[in-house]
Amino acid sequence: IAPFTAIAFMIHAVTTGASSAEHREVLDVTLSAPVRRRHLLMGQLAGAAAILLAIALVVGALTQGAAFVFGVDLPLEKTLAGVLNLWPLGVFSGGVALLLAGLSRRPAVVGGGAAGVLAAMYLVEVLGKLSDTFATVDGISAFHYYGSAIEDGVDPGAAAILIAAGSLLAALGCALFERRDVG
């Protein structure tokens with residue numbers, strides 16, 4: 001549940017940032033300040049990513065506390081690996097949403113489209129474990145790189161791929177957002 005919650009948080013944060021402000025017709029007031037559009041969008045993504053990291057650490061602390069109270073042997077490093085691995089997946093999800101925000105001014109398209117893309121990626125990953133045909137393409141799924149950090153630890157290479165891909169998608173979304181008219 002935690003990966004889907006992190007994804008939903010990042011999609012919601014990006015969608016309510018630019019797309020909802022544009023939909024409510026208040027974005028033009030924000031953009032009247034001497035700030036570039038891409039700085040506004042990247043700032044929203046960075047802020048959401050920072051909040052996601054804080055939320056993940058709080059979830060880790062609560063999980064560790066519950067394990068202590070109930071006498072469960074849960075090593076701290078496993079808990080940290082599990083919650084910190086949510087961050088790269090969240091950054092990727094925010095990048096997908098930001099790309100869609102660069103393409104569309106409608107919050108439903110941005111939020112629903114990003115959720116749909118990530119749901120399709122999850123399906124490809126699950127089918128890749130069940131079918132040799134899908135196993136050849138499950139590398140395009142963000143969930144392929146997410147892994148199971150609580151069991152295997154955080155894979156720095158896979159985390160870097162998710163962060164880089166999310167950043168690239170966000171940069172592309174910012175470039176598209178700068179070139180289109182604001183409603």
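## Basis of the model

Residues are numbered from 1 along each chain as its sequence is written, and side-chain values use heavy atoms, with hydrogens and water left out. Because the model is predicted, local features need pLDDT of at least 70 and side-chain atom pairs count only at pLDDT 80 or more, whereas totals for chains, interfaces and linings use all residues.

## Overall fold

The protein has 10 helices and 0 strands, where helices are DSSP runs of H or I with at least four residues, strands are runs of E with at least two, and both are numbered from the N terminus. Of its 183 residues, 39% count as buried, that is, under 20% relative accessible area with a 1.4 Å probe and protein chains only. Among contacts (heavy atoms within 4.5 Å) with a separation of 6 or more, 73% are between residues 24 or more positions apart.

Helix 3 has 33 residues, and its first and last C-alpha atoms lie 48 Å apart, close to the expected 48 Å, a span taken as 1.5 Å times one less than the number of residues. Its buried residues include Leu41, Leu45, Ala48, Leu52, Ala56 and Gly60. Just after helix 3, glycine 71 takes a positive phi of about 70°.

Helix 10 (residues 156–179) has 24 residues, which should span 34 Å, and its end C-alpha atoms are 35 Å apart, which agrees. Aspartate 155 caps the N-terminal end of helix 10, with a side-chain oxygen 3.1 Å from the backbone nitrogen of glycine 157. Among the buried residues of helix 10 are Ala159, Leu162, Gly166, Ala170, Gly173 and Phe177. An α-helix has 3.6 residues a turn, so residues three or four places apart point the same way.

## Serine 93

Serine 93 lies in helix 5 (residues 86–103) and is buried, with a relative accessible area of 0%. Leaving aside neighbours within four places in sequence, serine 93 is in contact with Ile7, Met10, Ile11 and Leu118.

## The largest pocket

The largest pocket is lined by 15 residues, of which Ala2, Gly82, Val83, Tyr146 and Ile150 lie nearest its centre. By class, the lining has 10 nonpolar, 5 polar and no charged residues, with Gly counted as polar and Tyr as nonpolar.

Helix 1 (2–23), helix 3 (37–69), helix 4 (76–84) and helix 9 (149–152) each supply at least two residues of this lining, and helix 4 gives the most, with 3 residues.

How values were computed. 1 Å grid on protein atoms, 1.4 Å probe; cavity = no way out; pocket = protein on both sides within 12 Å on 5 of 7 lines; lining within 4 Å. Buried < 20%, exposed > 50% of the residue type's maximum accessible area, 1.4 Å probe, protein only. Polar contact = N/O pair within 3.5 Å; in protein donor to acceptor, adjacent residues only side chain to side chain.
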